[in-house]
Amino acid sequence: MALFCRTAALLLRPARGVPASWSAARHYSSGGQYEYIMVEKRGEKQNVGFIQLNRPKALNALCDGLMVEVGRALDSFEADGDVGAIVITGSDRAFAAGADIKEMQNRTFQECYGGNFLAHWNRVSTVKKPVIAAVNGFALGGGCELAMMCDIIYAGEKAQFGQPEILLGTIPGAGGTQRLTRAVGKSLAMEMVLTGDRINAQEAKQSGLVSKICPVDQLVSEAVKCGEKIAANSKLVSAMAKEAVNAAYELTLAEGNRLEKRLFHSTFATEDRKEGMTAFVEKRQASFQDK
């Protein structure tokens, strides 16, 4: 295991001549704000929030401190008027290989139930701005759950997804049984949860878990490009669109249609809706002001 961790660390060590954006991320994170993640803004207009999990020796295992920092970074991007979308990624070897088992090994039922263990993980799914997961390598257990909390999942060609908690004598506890079933259907979800078996990127795409597969070295840039496309639209209306799509998982068809209609009508109270339609009629690029 020690050799494996050292090998992972070598694989994840930045190469010479790294891009300025990478250096900026390391500088930003080393200023005392974050210990387990690297945070910056990317895109030509710096309008895409970027969070990179950074526990290479542990294959980005999701310890409590890391998830608290992810929540803080999300809060910061949520409050940043320039940011229109957020990308969460890991390393080429692992998006996140699971929750930190050493951290939870000796927890008791009373501690878990009384303290509502893992409740703060859900912050990822409550952000109003669209969140894109860029998954390379392992996304297992909590790592798979973290990816599924995001709105869009892009996968590298060698990505692997799984919920292996059953092999540890427990079950998923951060949405794995619920989100996975909604994404891939009961049969495949049941097989993955009951056996601990993984699926690769191609199988994840076929089952509807991910929307796009990219070469490993192009994954992050493709996810950022997607974020830039989203950020170019009205942030206000994007939040409405995200709310409407997410409601499809919670409401009946009739209830969902009613919510969609209300949100659609609400866009007519915005300046961005008027600008968008006017720009279309005038055959020019729309200039949204998020109002």
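Asp290 is partly exposed, with a relative accessible area of 29% (buried means under 20% relative accessible area, exposed over 50%, and partly exposed in between, with a 1.4 Å probe and protein chains only). The model is predicted, so local features need pLDDT of at least 70 and side-chain atom pairs count only at pLDDT 80 or more, while totals for chains, interfaces and linings use all residues. Residues are numbered from 1 along each chain as its sequence is written, and side-chain values use heavy atoms, with hydrogens and water left out. Helices (H or I, at least four residues) and strands (E, at least two) are DSSP runs, numbered from the N terminus.

**Backbone angles and the residues around them**

- Most residues other than glycine have a negative phi.
- Asp290 has a positive phi, near 60°, and is found in the segment after helix H14.
- Leu59 is another residue other than glycine with a positive phi, here near 50°.
- Leu59 lies in the loop between strand S2 and helix H3 (64-79), and counts as buried at 11% relative accessibility.
- Gly43 takes a positive phi near 95° in the hairpin of S1 and S2, where 5 residues stand between the strands.

**The sheet of six strands**

- Strands of a sheet pair through backbone hydrogen bonds, either parallel or antiparallel.
- An open sheet is formed by 6 strands in the order S1-S2-S3-S5-S7-S10, with mixed pairing; two strands count as paired if DSSP finds at least two bridges between them.
- Strand S1 (37-42) and strand S10 (212-214) are at the edges and have a single partner strand each, so one side of each lacks a neighbour in the sheet.
- Neighbouring strands of this sheet are turned by 20° against each other on average, direction ignored (axes are lines fitted to C-alpha atoms, for helices over the stretch in contact, and angles run from 0 to 180 degrees between N-to-C directions).
- S1 pairs with strand S2 (residues 48-53) in the antiparallel sense over 6 bridges.
- Within this pair, Met38 has Gln52 as its bridge partner in S2, and Ile37 has Leu53.
- On its other pairing, S2 runs parallel to strand S3 (residues 85-89) over 5 bridges, and Gln52 stands opposite Thr89 in S3.
- S2 is mostly covered, since 6 of its 6 residues are buried.
- Val48, Phe50 and Gln52 point one way from S2, Gly49, Ile51 and Leu53 point the other way, and all are buried.
- Strand S5 (residues 131-135) is joined to S7 by 4 bridges, and the two run parallel; Ile132 has Ile152 as its bridge partner in S7.
- Strand S7 (residues 152-156) has 4 of its 5 residues buried.
- S7 is also joined to S10, by 3 bridges in the parallel sense, with Ile213 in S10 as the bridge partner of Ala155.

**The sheet of four strands**

- A further open sheet has 4 strands in the order S4-S6-S8-S9, and its pairing is mixed.
- Strand S4 (94-96) and strand S9 (198-200) stand at its edges with a single partner strand each, so one side of each is without a neighbour in the sheet.
- From one strand to the next, the twist averages 20°.
- Strand S8 (residues 160-162) and S9 run antiparallel and are joined by 3 bridges, with Gln160 opposite Asn200 in S9.

**Two helices**

- Helix H11 (residues 219-231) has 13 residues and reaches 18 Å from its first C-alpha to its last, close to the 18 Å expected at 1.5 Å a residue (the expected span is 1.5 Å times one less than the number of residues).
- The buried residues of H11 are Leu219, Glu222, Ala223, Val224, Cys226, Gly227, Ile230 and Ala231.
- An α-helix has 3.6 residues a turn, so residues three or four places apart point the same way.
- Asp272 has its place in helix H14 (residues 271-281) and is buried, with a relative accessible area of 2%.
- The C-alpha atoms of Asp272 and Phe288 are separated by 5.4 Å, although the two residues are 16 residues apart along the chain.

**The cavity**

- A search of the whole structure finds 1 cavity of 30 Å³ or more (on a 1 Å grid over the protein atoms alone, a cavity is a set of points where a 1.4 Å probe fits but cannot get out, and lining residues have an atom within 4 Å of a point).
- The largest cavity has a volume of about 60 Å³, where a volume is the space filled by probe spheres set on the grid points, which are joined across faces, edges and corners.
- Its lining consists of Leu62, Cys63, Asp64, Ala99, Asp100, Glu103, Met104, Phe117, Leu118 and Trp121.
- By class, the lining of the largest cavity has 7 nonpolar, no polar and 3 charged residues (Ala, Val, Leu, Ile, Met, Phe, Trp, Tyr, Cys and Pro count as nonpolar, Asp, Glu, Lys and Arg as charged, and the others, Gly among them, as polar).

Definitions and conventions:
On a 1 Å grid over the protein atoms alone, a cavity is a set of points where a 1.4 Å probe fits but cannot get out, and a pocket is an open set with protein on both sides within 12 Å along at least five of seven lines; lining residues have an atom within 4 Å of a point.
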